[in-house]
Amino acid sequence: MSNDKFNFNFDLPEKSNVMPTILTPDTTINFRCHKGISCFNACCKHADITLTPYDIIRLKQRTGQTSEQFLKQYTVPFQMDADGLPGVKFRTTEDGACLFMKEGEGCTIYEDRPTSCRYYPLGNLAMKNAEQAHETQHFVLVQEEHCKGHEEDRPIKIQDYRNEQGLEDYDGFNKEFFQLILKKKSMGPGVGKPPEMSLQLFFMANYDMDRFRRFVLSDNFKRTYDLPQDIYDTLEADDVALMHFGFQLLRQVLFNEVTLPLFDGTLEKRVEERKEVIELRRKLEAEMAKAKDPYMTYKAEVEEESENLQKEAKKD
């Protein structure tokens with residue numbers, strides 16, 4: 001594992017002129033956004049907003065929709081890294097404007113606005129090197145040409161600005177999500193690309209939580225994980241509890257951490273089932289190859305005969 005620092009930048013607009021200085025919670029910035037400022041709504045007209053799982057919970061509840069309905073109407077998927085780790089962003093108009101912006105009035109979901117909107121004009125950096133047990137939080141200042149909030153005469157410490165924007169709660173709910181992404185990034189390419197099913201689970205657990213709830217409450221899931229009924233009762237009723245449960249499950253699936261107890265013999269059974277799937281796939285590929293290539297027909301027959309002889313030898 002490399003000793004280099006890793007950082008996960010979740011909130012910086014793609015085309016921002018970002019000052020390279022790393023800031024701390026005690027750093028004082030000069031910024032104020034208000035309805036009377038000349039650039040009011042300008043940032044919302046060029047929206048590039050990545051959403052966290054907690055953002056989606058707040059927004060789907062605000063709009064009165066299921067997660068599936070909200071995702072379909074208001075978001076677009078994207079890949080957060082080269083391995084295809086899925087993320088979601090706000091869908092915009094053809095001109096790039098946020099769908100929740102109303103001209104002259106501003107944000108129509110202001111009380112439930114996403115984490116990225118609350119942080120602006122700050123970029124939130126989670127940084128960690130190989131020797132650190134936990135990431136440290138730093139910030140950078142985003143200065144875009146259209147934003148006049150930096151010209152307002154209001155000095156404020158970053159920590160006070162975060163409190164003003166309600167970010168203490170949001171950061172608490174988002175922390176495990178950022179840790180998941182940071183850990184995957186810090187492990188480097190040697191770990192390999194997660195299987196497609198793991199990527200699908202990542203999307204479902206983090207974003208489509210109503211579908212994830214059905215998955216968790218299914219009989220098959222309950223036969224796999226040794227959990228008391230009161231946990232399932234909580235997951236059925238509480239979106240935030242379900243979100244945190246999803247983070248635990250993903251740590252187990254992605255990093256082989258033991259976060260949820262399995263029933264005895266479950267792992268062995270899964271391995272055997274996986275072997276059967278692999279064998280069926282191999283035979284199907286062999287049949288397809290036989291139909292195309294006489295040599296592959298001969299090769300497949302030899303391999304099958306060899307396997308049969310080995311099985312007979314084991315019986316003896």
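## The largest nonpolar core

In this predicted model, the largest nonpolar core holds 60 residues, and Phe90, Phe202 and Phe212 touch the most other members. Helix 10, spanning residues 239–255, supplies the largest share of this core, with eight residues. In soluble globular proteins, nonpolar side chains tend to be buried together.

Phenylalanine 90 shows what such contacts involve. Leaving out residues up to four places away in sequence, Phe90 touches Ile49, Leu51, Leu59, Phe70, Tyr74, Thr75, Val76, Cys98, Phe100, Ile109 and Pro114.

Lysine 45 lies in the loop that runs between strand 3 (28–30) and helix 1 (53–63). Its relative accessibility is 32%, so lysine 45 counts as partly exposed.

Beyond its neighbours within four places in sequence, lysine 45 is in contact with Asp95, Gly96, Ala97, Met101 and Glu103. The side chains of lysine 45 and glutamate 103 are joined by a polar contact of 3.4 Å. Aspartate 95 stands 50 residues from lysine 45 in sequence, yet their C-alpha atoms are 7.6 Å apart in space.

## Cysteines without disulfides

Zero disulfides are found in a search of the whole structure. For cysteine 39, the closest cysteine sulfur belongs to cysteine 147 and is 4.9 Å away, which is too far for a bond, because a disulfide requires sulfur atoms within 2.5 Å. Cysteine 44 is likewise in no disulfide, and the nearest cysteine sulfur, in cysteine 43, is 4.0 Å away.

Cysteine 39 counts as buried because its relative accessibility is 13%, under the 20% limit. Cysteine 44 has a relative accessible area of 22% and is therefore partly exposed.

Terms used: Residues numbered from 1 in each chain as written. Predicted model: local features only at pLDDT ≥ 70, side-chain atom pairs only at ≥ 80, totals over all residues. Heavy atoms only, no water. Core = buried A, V, L, I, M, F, W, Y, C linked by side-chain atoms within 4.5 Å. Buried < 20%, exposed > 50% of the residue type's maximum accessible area, 1.4 Å probe, protein only. Helix = DSSP H or I, 4+ residues; strand = E, 2+ residues; numbered from the N terminus. Contact = heavy atoms within 4.5 Å. Polar contact = N/O pair within 3.5 Å; in protein donor to acceptor, adjacent residues only side chain to side chain.
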